[in-house]
Amino acid sequence: MSKIKVSELTKIFGPNPKQSLERLNKGSSKDEILADTGNTVGVNQASFDVKAGEFFVIMGLSGSGKSTLIRLVNRLIEPTSGHVYIDDEDITNMNKNELIEARRKKLGMVFQNFGLFPHRNVVGNVAYGLEIQGVEKQEREQKAQKAIEDVGLKGYESSFPNELSGGMQQRVGLARALANDTDILLMDEAFSALDPLIRKDMQDELLKLQKKLGKTVLFITHDLDEALKLGDRIAIMKDGQIVQIGSSEEILENPANEYVSNFVKDVDRSKVLDAEQVMRRPEVLTTYKGGPRTAIKKMEDVGASSIFVVDRDDHFQGLLTIDDAIRAYKEEIPMEKVLNQDVHTTTPTTPLNDLIGVAADTKYPIVVLDEEQKLLGIISRVSILSGLVLGKEKDEVTN
Amino acid sequence: MNYFELPLEQWTNTFVDDWFLPTFGNAFDSIGSVLNAFVDLVTDVLLFIPPELFTLLLVILSWRVGGKGLAVFTFLGMLFIGSVDIWEESMHTLSIVIVSTFVSLLVGIPVGILSAMNNRVQSVVRPTLDFMQTLPSFVYLIPAVLLFGLGGVSAVIATFIFAAPPAVRMTNLGIRHVPKEVIEASKAFGSTSKQLLFKVQLPLAVPSIMAGVNQTIMLSLSMAVIASMIGAPGLGATVLQAISRVNIGLGLVGGLGIVVLAIILDRITQGIGQGQNNKS
Ligand SMILES: Nc1ncnc2c1ncn2[C@@H]1O[C@H](COP(=O)(O)OP(=O)(O)OP(=O)(O)O)[C@@H](O)[C@H]1O
Ligand SMILES: [Mg+2]
């Protein structure tokens with residue numbers, strides 16, 4: 001069962017959409033229709049499926065119809081033709097009340113320019129969705145509080161949006177969507193207004209949250225790097241049409257047409273990236289002090305099958321797999337004895353190109369260490385992909 | 001240019017005398033008596049409060065919304081009004097301003113909301129407002145007197161016609177200027193149109209609506225002199241009296257009284273509007 005199913009969805013803006021629809025179906029192009037009738041084709045016969053828990057990215061240049069498409073999914077825009085099914089229910093046929101109910105219970109949304117309510121403080125914004133459903137004040141503020149903590153905004157509950165930085169405002173936007181606890185998150189260029197560093201943090205955190213909460217995400221971006229980093233699958237749009245859908249590898253290896261390969265070609269420059277630019281903080285680390293028990297608990301918390309071990313000063317010690325941790329726990333062996341030292345390490349300035357081969361034949365993420373052997377970050381296969389270098393093996397380790 | 005006779009004057013009079021008045025006379029009578037009671041009530045209350053207490057309350061309000069400077073000005077202004085012996089007239093003027101502002105907002109804000117929600121409503125409302133504001137007030141003073149008789153009620157009606165448009169316009173504007181993404185966000189989370197209006201659009205339009213309220217009050221005050229031509233008591237009547245007796249001193253007293261009231265009311269409503277602004 002697909003969580004979101006979009007079928008033959010078309011949106012034409014303008015005075016006479018039905019008539020233009022016929023012409024579109026007969027094969028006229030977007031430009032011809034605009035020239036002849038003044039109607040704009042926003043989305044043209046788009047079809048795709050998003051599975052539960054999937055991170056689905058829609059990418060395309062400005063004006064390709066991404067915003068229109070995502071707004072058709074929760075019917076902020078009425079389609080000209082076609083259907084959208086949420087949990088197999090056709091949203092395009094719902095009456096007003098059913099639509100409101102579906103938006104409340106199933107579809108959270110995050111906006112490019114945040115769309116926060118300027119007259120409400122952070123809690124007021126985050127609790128809005130619950131408030132309009134009539135959830136009691138205490139309960140909704142408790143849930144809002146949890147969402148605020150999930151996005152790392154604890155302490156800012158009573159700030160107003162204009163007192164927060166862009167990155168923080170978008171965290172509020174994200175928390176507002178999380179508070180409703182919908183299965184689906186619709187995100188229209190949610191990070192495009194943020195500067196690169198904050199953007200990278202937000203991407204990492206979103207991935208983490210999505211894993212943790214099991215959300216189905218429909219994410220819009222015009223940035224290929226972002227698409228490759230985040231998407232389980234990516235759909236590429238041009239002039240309102242979806243020209244290719246596939247995983248990162250599929251799109252990079254077999255671009256469906258020139259449009260896509262132009263996109264992909266562009267990314268070659270990122271081969272000059274070095275390790276530091278693509279590494280990220282591991283989700284969890286553990287120290288000897290906690291012993292195998294703590295390590296097992298931490299792995300369980302994030303659903304990982306291995307964990308990196310550091311000493312008190314962050315010096316890298318090795319990798320502990322869940323099997324070894326359990327063995328150490330049961331047989332009361334000290335953790336040092338069961339550590340896996342067979343992990344590739346590298347320096348922050350190593351070019352990414354040099355790591356392709358390594359990434360291809362290691363099961364675990366590559367560990368980035370500074371001169372003092374302190375752990376700076378890890379590079380997983382996903383990160384290497386987003387630097388546009390293909391790894392081969394499935395990466396079953398942390399993250 | 002008199003190519004054909006257009007007896008507009010005669011038609012209008014026939015229409016009013018033979019059909020309009022017999023049909024709607026009663027309705028206007030009841031509107032008239034309600035408004036009359038309202039004006040009387042407000043006047044009675046204002047005159048009942050001892051001037052010292054009234055001044056104290058107004059100074060406190062000024063202090064809270066406008067700070068020390070405004071409080072001092074309000075105190076001196078009210079002292080002036082008392083000292084030149086126009087307290088009673090000022091309270092009459094104030095009660096007509098209060099009632100016509102109240103009626104203007106009662107009608108104006110909902111109409112403003114409707115025209116913000118619906119372009120077709122707006123396309124009717126807009127020219128009507130232009131008409132109301134540009135029509136010379138003497139033109140509707142006559143029918144007002146005809147329908148409601150001489151006195152405060154006609155003054156309220158005439159003032160309403162002149163002063164309600166900004167309330168409508170600024171409400172409409174305030175709602176229409178709520179950013180599109182904020183509206184989308186509200187809808188995306190499943191707001192009903194009522195929730196959208198009351199939880200998002202109206203609160204965000206408050207500063208604009210308050211600016212409209214301020215303008216409505218100012219326009220009401222500026223109608224004071226004209227309104228007294230149809231028998232409304234108050235500072236306008238003082239000024240009229242001064243004109244007819246060529247009494248420059250009295251004219252100055254009445255005129256300054258209006259100015260003092262205007263400044264105090266203007267600063268207080270502005271202060272309230274800004275308070276709303278700062279909150280968001
Ligand atoms: N309300 C509207 N009325 C008319 N045309 C519209 C409307 N909204 C969008 N369009 C047109 O539909 C097309 C798709 O617009 P859309 O905003 O979906 O693009 P986008 O991919 O989101 O672009 P961007 O990256 O700039 O946000 C464009 O040609 C746009 O001009
Ligand atoms: Mg867009």
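Biologist: Which residues of α2(B) meet α3(B)?
Modeller: From α2(B), B:F54, B:T55, B:L58, B:V59, B:S62, B:W63 and B:G66 are in contact (heavy atoms within 4.5 Å). Their partners in α3(B) are B:K68, B:L70, B:A71, B:T74, B:F75 and B:M78. This is a predicted model, in which local features need pLDDT of at least 70, side-chain atom pairs count only at pLDDT 80 or more, and totals for chains, interfaces and linings use all residues. Residues are numbered from 1 along each chain, chains are lettered from A and ligands numbered from 1 as written, and side-chain values use heavy atoms, without hydrogens and water.

Biologist: At what angle do α2 and α3 of chain B pack?
Modeller: About 160°, with the axes 7 Å apart; α2 is residues 51–66 and α3 is residues 68–83. So α2(B) is roughly antiparallel to α3(B) (over 145 degrees; under 35 is roughly parallel, 65 to 115 roughly perpendicular, the rest oblique).

Biologist: Where does UniProt put the "transmembrane region" in chain B?
Modeller: The unreviewed entry gives residues 45–63, 69–87, 94–117, 137–163, 217–240 and 246–265.

Biologist: What box do the C-alpha atoms of chain A fill?
Modeller: Roughly 75 × 55 × 40 Å, along the principal axes.

Definitions and conventions:
Axes fitted to C-alpha atoms, helices over the stretch in contact; angles between N-to-C directions. Helix = DSSP H or I, 4+ residues; strand = E, 2+ residues; numbered from the N terminus. UniProt positions renumbered as here; feature names shortened; annotations may be inferred.
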